[in-house]
Amino acid sequence: MPDDDYLIARLPRRWRPVARAVANGDDIQVLTDRVVRALAATLPDIGGIPPINEVADQAHEIAKRQEGELDLGLGYRSLLRPSDTRPQIDIMWNRARALLESRTHQMAEDRDSARLTLAVEAVKALGNHFGFSRVAPALLADPNRDDRDISDRWTRALEHPSIEQLARGLLRHPDGTGLRAPRRTRRSIAQLLETPLEKL
Amino acid sequence: MSIAVPEHIVDFRPGAPASGNRVRWGRDTFLSGRPVMERLSRLLPAHAADLMEVAAAAYTADRLIPRGRRDAYGLNWSRRFQLHLCVRLPGLWRRHVDRLTALLQWLTDDDWRFRFYQARWSQSPLDEGQGFLFGTVPPAAYAVLFSGGLDSAAGLNLALRDAPQGTPLAVSVATNPRMAGRQRDVLSLLAGENSAVPCRFGVHLGAGQAIEMTQRTRGFLFLAAGVATAWAAGLHSLRVFENGIGAINLPLIEAQRGSQATRSVHPHTLALTADLASAIAAAPFRITLPHLVRTKAELIAQTPLEANPAFAMSVSCDVGFSTRTPGARPCGACTSCVLRRQAVGAAGRPDIDAGLTYRTDKVPGILPEALVATLWQVTRLRRCLSDKRPWASLAYEFPQVLDVPAAHHDAGRAALLNLYGRYCDEWRRAGAVLGVDARRWGLEGRTAG
């Protein structure tokens, strides 16, 4: 039963510029830069996601068994949950279960791509957890805002290649130490003029 | 900035040193089971009394030690407990402590450890000197949880209608007099004195002791009361009346993790509790959730109109029982109020709440935060259900649905998809009750599922 459900609206300091960018409807590039920077700062702050490689490897083995129909129908249920009670562990483990249930084939392909897939998913989920879902309810309460537009812009920001670079960094530094935001690649005026509008 | 979580030792032993978190039964925390034993004219068996005391101890510790809230990352939401507790059967509890800690960790996100010691006679709150000559457990008795909320009232009404020859033992836990009074009133309107046996435990902390308000162990306390009462009556099952949407309680927004979306009567909670009870009693114990694939509105709609006065007395609001002001109105804005208002509207039973005024009522153009979060969840659910692979999409968007045992097989998945589809449709039909503009929230058109 919903019984004193806890809805967090408080934003971590690193996420305030992101909230402003969402609220102001800033350019998607600005929003993406802020999201990537917030994530890159958050991961060391929270101590990274130390067991991410081990959980990804375990999920990969389970997915392989599922693909080979050798897992006795257990699937995601055989994925062991790390004992760590920090939120990022919970979030990563839930993403691993979700991937096993919805993208089994992709998780079964090879160990490295399973690791990367989980890392990308976990980083995005942290963005939703610390950022978007704390900002969205207040924005959506405004009847003049379009919920689909707000969530589409957010989704586009999380689809940016910098998120994958950040995820690769996380796999190299699972505890977050030394993790940095990928360098921004500024496009020249000439490149911008050549880029179709929908890609901007 | 990873945070080392300190361990809180909470000592319930008589003669525990006064330093630290010492808790004395009858002084710092109170547990009463005498009314239940008198109703049934039976003493609680040793393992039943132990279970109830273990649950009351966990509840006390949960309320004594505050969760950290200053850190916006939420790294200190979880706590670490070590409880020292005297029980009648310490060997038994040591053997099954892993089951107990798994249940508590699932309910609270906290880390729990226990040290059990041998209790001496009269050291424990449920020790009774005088036994009973003749039991008064009615024939065809069955145990049900009765919180005084709308679902438990509707479920009990249906149970009485479907099996008029049976007698429900309506088990409740009252943590304050207002709650006890309301449970008594709803039950007497629903069933009268002769068709249901009220079995009420009392649990409360001393003045000023209950600091933490989240009280995620409350579900365990209620379930333990149900199991202990069933055992005292010689029964091996317990029914819990809760609708499926509320029982599963998927997070409304992604910022909620783990137990921040309450799991009091989640099907997995019931499975873990039944597993613990079966191990402790060395006999199978079943806890059923008969309305798992019904929405709250569907549960209400099943009941006759004559039940409306009893339902009108029921309390759903999160702060409905905690306020000490007589005649206080429900807030109207918490997640529980939102679900009740939606359900009463969707069931076409506005009379239930006709005499009720909410503190936060409809204000044109302004929706309470919990309602916006609920609508955001409904929007996401609808997107999942309209996907080509709705189950994969639902599991991807709400991986918490995988915790429901029904999700482990195809028929269960189909039933869950159908449940959420109907729930989304209810919002399309009845959202206006809460001032929701269906077009603005994309709720037009039937939901797949």
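The model is predicted: local features need pLDDT of at least 70, side-chain atom pairs count only at pLDDT 80 or more, and totals for chains, interfaces and linings use all residues. Residues are numbered from 1 along each chain as its sequence is written, chains are lettered from A and ligands numbered from 1 in the order in which they are written, and side-chain values use heavy atoms, with hydrogens and water left out.

**Salt bridges**

- The whole structure holds 38 salt bridges over all chains. A salt bridge here is a side-chain nitrogen of Lys or Arg within 4 Å of a carboxyl oxygen of Asp or Glu.
- Arg95(A) and Glu121(A) form one such pair, at 3.6 Å from N to O. This pair links distant parts of the chain, with Arg95(A) in helix H4 (residues 87-102) of chain A and Glu121(A) in helix H6 (residues 111-140) of chain A, 26 residues apart. Helices are DSSP runs (H or I, at least four residues), strands likewise (E, at least two), and both are numbered from the N terminus.
- Both Arg95(A) and Glu121(A) are buried. Buried means under 20% relative accessible area, exposed means over 50%, and partly exposed lies in between (1.4 Å probe, protein chains only).
- Arg428(B) pairs with Asp425(B) at 3.5 Å, N to O. Asp425(B) counts as buried because its relative accessible area is 3%. Arg428(B) is partly exposed, at 26% relative accessibility.
- Both residues sit in helix H16 (residues 410-430) of chain B, where Arg428(B) and Asp425(B) are three residues apart, about one turn of the helix. An α-helix has 3.6 residues a turn, so residues three or four places apart point the same way.
- In Arg113(B) and Asp111(B), the closest N and O atoms of the salt bridge are 3.1 Å apart. Arg113(B) is partly exposed at 41% relative accessibility, whereas Asp111(B) is buried at 19%.

**Charged surface patches**

- Arg10(A), Arg13(A), Arg16(A) and Arg20(A) make up a positive surface patch. Patches take residues with over 30% relative accessible area and no salt bridge; like charges are joined within 9 Å, and nonpolar side chains (Val, Leu, Ile, Met, Phe, Trp, Tyr) within 5 Å.
- Arg20(A) belongs to helix H1 (residues 16-24) of chain A. Its relative accessibility is 49%, so Arg20(A) counts as partly exposed.
- A negative surface patch consists of Glu67(A), Glu69(A), Glu109(A) and Asp110(A).
- Glu69(A) is in the loop between helix H3 (52-67) and H4 of chain A. With a relative accessible area of 71%, Glu69(A) is exposed.

**A covered helix in chain B**

- Helix H10 (residues 267-281) of chain B has 15 residues and reaches 21 Å from its first C-alpha to its last, close to the 21 Å expected at 1.5 Å a residue. The expected span is 1.5 Å times one less than the number of residues.
- H10(B) is mostly covered, with eleven of its 15 residues buried. Among them are Leu270(B), Leu272(B), Leu276(B) and Ile280(B).

**Positive phi angles**

- Ala140(B) is not a glycine, yet has a positive phi of about 55 degrees. Ala140(B) lies in the loop between strand S5 (111-118) and strand S6 (141-145) of chain B. Ala140(B) is partly exposed, at 48% relative accessibility.
- Asn249(B), also a residue other than glycine, has a positive phi near 50 degrees. The loop between helix H9 (244-248) and H10 of chain B holds Asn249(B). Asn249(B) is buried, with a relative accessible area of 7%.

Terms used. Areas by Shrake-Rupley, 256 points an atom, 1.4 Å probe, with all protein chains shown as cover. Lys, Arg positive; Asp, Glu negative; His and termini not counted. Charge placed at Lys NZ, Arg CZ, Asp CG, Glu CD.
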